[in-house]
Amino acid sequence: MALGAALPEHGQVATASGIALLTKVSMADARAVPLRQLGLRDDPFERELLIVGLAPAGPVVAIGHFSWADEQAEANVADTLGALSGMGDVLLVGDFNQPPESAALAAFAEAGFVDCWPRLNRARSGFSYPAPTPDRRIDYVLERAGAPMVTALDLVTGGFSDHAALIARIER
């Protein structure tokens with residue numbers, strides 16, 4: 001994993017279907033939850049949500065890679081909200097393949113998730129795709145918590161992917 005090699009201090013790794021969490025904090029558990037596939041020709045890919053509980057008694061971190069097809073993306077979001085229902089503090093991150101003004105992002109906001117980028121980086125666009133010269137924002141760090149958890153958020157390009165990597169600092 002290229003990003004893991006570039007960030008060796010992040011010794012804990014959980015993966016599922018091309019998505020990964022690298023963390024310095026121990027993991028209590030990790031599981032992949034399948035997301036519905038509507039059978040659309042525009043997006044035939046199977047998708048999963050990786051849900052990781054951080055230890056001790058840390059927040060839940062969920063990582064998703066959602067569809068670019070609006071109907072499929074809305075199904076991915078509905079499945080994600082169902083999977084995260086009833087969980088306490090949640091950090092939801094990933095390639096949502098949707099612009100900030102999309103219905104998919106609006107559904108997360110309606111469910112109490114806050115987009116961390118505007119809160120922490122007002123003067124910067126947050127463009128993350130395509131790397132190495134991003135021109136759009138489709139990757140996100142959202143939090144649903146009693147108090148803000150994410151204290152710093154940055155983008156790193158470096159050939160890890162066709163996206164810039166989002167690096168978040170979490171403090172509790």
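I started at Asp-79, which sits in helix H2. Before going on, I noted that this is a predicted model, where local features need pLDDT of at least 70, side-chain atom pairs count only at pLDDT 80 or more, and totals for chains, interfaces and linings use all residues. Residues are numbered from 1 along each chain as its sequence is written, and side-chain values use heavy atoms, with hydrogens and water left out.

**Entry 1: Asp-79**

Is Asp-79 buried or exposed? I found it buried, because its relative accessibility is 18%; buried means under 20% relative accessible area, exposed over 50% and partly exposed in between, with a 1.4 Å probe and protein chains only. I then looked up its contacts (heavy atoms within 4.5 Å). Leaving aside neighbours within four places in sequence, Asp-79 touches Leu-35 and Arg-36. I also checked Gly-39, 40 residues away along the chain: its C-alpha atom is 16 Å from that of Asp-79.

**Entry 2: helix H2**

Helices (H or I, at least four residues) and strands (E, at least two) are DSSP runs, numbered from the N terminus. H2 covers residues 70-84, and its end C-alpha atoms are 21 Å apart, which agrees with the 21 Å that its 15 residues should span at 1.5 Å a residue. The expected span is 1.5 Å times one less than the number of residues. I listed the buried residues of H2, among them Ala-73, Val-77, Thr-80 and Leu-84. A reminder to myself: an α-helix has 3.6 residues a turn, so residues three or four places apart point the same way. The buried residues of H2 pack against strands E3 (27-35), E4 (47-54), E5 (60-65), E6 and E8 (139-144), and also against helix H3. Just after H2, I noted a positive phi of about 85° at Gly-86.

**Entry 3: Gln-98**

Where is Gln-98? I found Gln-98 in the loop between strand E6 (90-95) and helix H3 (103-110). Gln-98 counts as buried because its relative accessibility is 4%. I looked for polar contacts, meaning pairs of N or O atoms within 3.5 Å; within protein, one must be able to donate a hydrogen and the other to accept it, and residues adjacent in sequence count only if both atoms are side-chain atoms. The side chain of Gln-98 reaches the backbone oxygen of Ser-67 at 3.1 Å, and one of its polar atoms lies 3.3 Å from the backbone oxygen of Trp-68. Not counting residues up to four places away in sequence, Gln-98 also touches others, including Ala-73 and Tyr-140.

**Entry 4: aromatic rings**

How many aromatic pairs does the whole structure hold? The search gave me 6. Rings of Phe, Tyr and Trp (its six-membered ring) pair if their centres lie within 6.5 Å; planes under 30 degrees apart count as stacked, over 60 as edge-to-face and the rest as tilted. Phe-66 and Phe-96 are stacked, at 4.7 Å centre to centre and 25° between the planes. This pair links distant parts of the chain, 30 residues apart: Phe-66 is in the loop between E5 and H2, and Phe-96 in the loop between E6 and H3. Both Phe-66 and Phe-96 are buried. Phe-108 and Phe-113 are edge-to-face, at 5.8 Å and 75°, and both are buried. I noted that Phe-66, Phe-96, Phe-108, Phe-113 and Tyr-140 form one aromatic cluster.

**Entry 5: the chain**
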